[in-house]
Amino acid sequence: MEVAYLFDIFLDALTDSAKMIPLLFVIFVGIELVEYKYSNNIRETVQKAGVLGPAIGAVTGSFPQCGISVVASALYTQRLITIGTLLAVYLSTSDEAIPVILSQPGNAKIVVPLMITKIIIALIGGYAVDFAFKESNKKTLAHIKAYAEGHNNEYHNHETIMNEKACCDHSTSPSSTEFNPKEIIFHPVIHTVKIFIFIFGVSFAISFAIAQMGEETFEKNVFNA
């Protein structure tokens, strides 16, 4: 393969990937602002869900945000949510998938069906696990009730675990309510760069493979695998 042709593949992949950067960045800034404003409400809703935990976890986990899985893990380690709620959050979380899809406006129509499908899967998985562990969950639910009534002390304080960091050193602490312009811009930049590198790498690899094998052979290998 000629160097010039290889460079053309590189340039095409770079150009196509770069077109997504502005919209990706705007989407991630929007997610950051929503998370900044509502993250504590989401955390408290999940924490107080009780037997409705898997349903609440499935819905809250389906929305793109940085720290929900970290928050859920922290709450579970402190027995403030059931194992089914934790699983529901994990199953419904989309991470960067939704922003990537939204960066291609033509594919935006699949976002809602995708989120609904993930929520349904998370609901089934979460409640199935909670049913399987219903005896141990009774103790967890009793513990959640006791905590809600203020039974906490210096040796068993649930707030300390919430200082865990999410991606990009993103704070998930309930005390992090002060507006931080650096986080609002810096985290979206980091996410955008990561997604750009990933998309560029995949685009270049696919284009290179097509150039080597031919489009028909590539399609046969991919779709008949």
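Trainee: How many of the 10 residues of helix α3 (residues 53–62) are buried?
Mentor: Helices are DSSP runs of H or I with at least four residues, strands are runs of E with at least two, and both are numbered from the N terminus. Buried means under 20% relative accessible area, exposed over 50%, and partly exposed in between, with a 1.4 Å probe and protein chains only. Helix α3 is largely enclosed by the rest of the structure, because its buried residues number seven of the 10.

Trainee: On what kind of model do these values rest?
Mentor: Residues are numbered from 1 along each chain as its sequence is written, and side-chain values use heavy atoms, with hydrogens and water left out. Local features need pLDDT of at least 70, side-chain atom pairs count only at pLDDT 80 or more, and totals for chains, interfaces and linings use all residues, since this is a predicted model.

Trainee: Which residues of α3 are buried?
Mentor: The helix covers residues 53–62. Its buried residues are G53, P54, G57, A58, T60, G61 and S62.

Trainee: How many helices does the chain have?
Mentor: From the N terminus on, the elements run α-α-α-α-α-α-α-α-α-α. The chain has zero strands, and its helices number 10.

Trainee: What percentage of the contacts in the chain with a separation of 6 or more comes from residues 24 or more positions apart?
Mentor: A contact means heavy atoms within 4.5 Å. Among contacts with a separation of 6 or more, the share from residues 24 or more positions apart is 77%.

Trainee: Which residues make the nonpolar surface patch of about 330 Å²?
Mentor: Patches are made of residues with over 30% relative accessible area and no salt bridge; like charges are joined within 9 Å, and nonpolar side chains (Val, Leu, Ile, Met, Phe, Trp, Tyr) within 5 Å. A salt bridge is a side-chain nitrogen of Lys or Arg within 4 Å of a carboxyl oxygen of Asp or Glu. One member, L11, lies in helix α1 (residues 3–18) and counts as partly exposed because its relative accessibility is 38%. The patch of about 330 Å² is made by F7, F10, L11 and L14.

Trainee: How many residues apart are F10 and F204?
Mentor: Rings of Phe, Tyr and Trp (its six-membered ring) pair if their centres lie within 6.5 Å; planes under 30 degrees apart count as stacked, over 60 as edge-to-face and the rest as tilted. The whole structure holds six aromatic pairs. F10 and F204 form an edge-to-face pair, 6.3 Å centre to centre with 75 degrees between the planes. This pair links distant parts of the chain, with F10 in helix α1 and F204 in helix α9 (residues 181–213), at a separation of 194 residues.

Trainee: What is the angle between the planes of F204 and F208?
Mentor: F204 and F208 form a stacked pair, 6.3 Å centre to centre, with planes at 20 degrees.  Both lie in helix α9, four residues apart, about one turn of the helix. F208 counts as partly exposed at 31% relative accessibility. The angle between the planes of F204 and F208 is 20 degrees.

Trainee: Which residues do ring pairs link into a cluster?
Mentor: The F204 and F208 pair is stacked. Ring pairs link into a cluster F7, F10, F196, F200, F204 and F208.

Trainee: Which residues does T192 touch, not counting residues up to four places away in sequence?
Mentor: T192 lies in helix α9 and is buried, with a relative accessible area of 5%. Leaving out residues up to four places away in sequence, T192 touches I21, L24, F25 and F28.

Trainee: What separates the C-alpha atoms of L75 and L86, 11 residues apart along the chain?
Mentor: L75 lies in helix α4 and is buried, with a relative accessible area of 1%. The C-alpha atoms of L75 and L86 are separated by 8.6 Å.

Conventions:
Accessible areas come from the Shrake-Rupley method with a 1.4 Å probe; for residues, only the protein chains shown count as cover.
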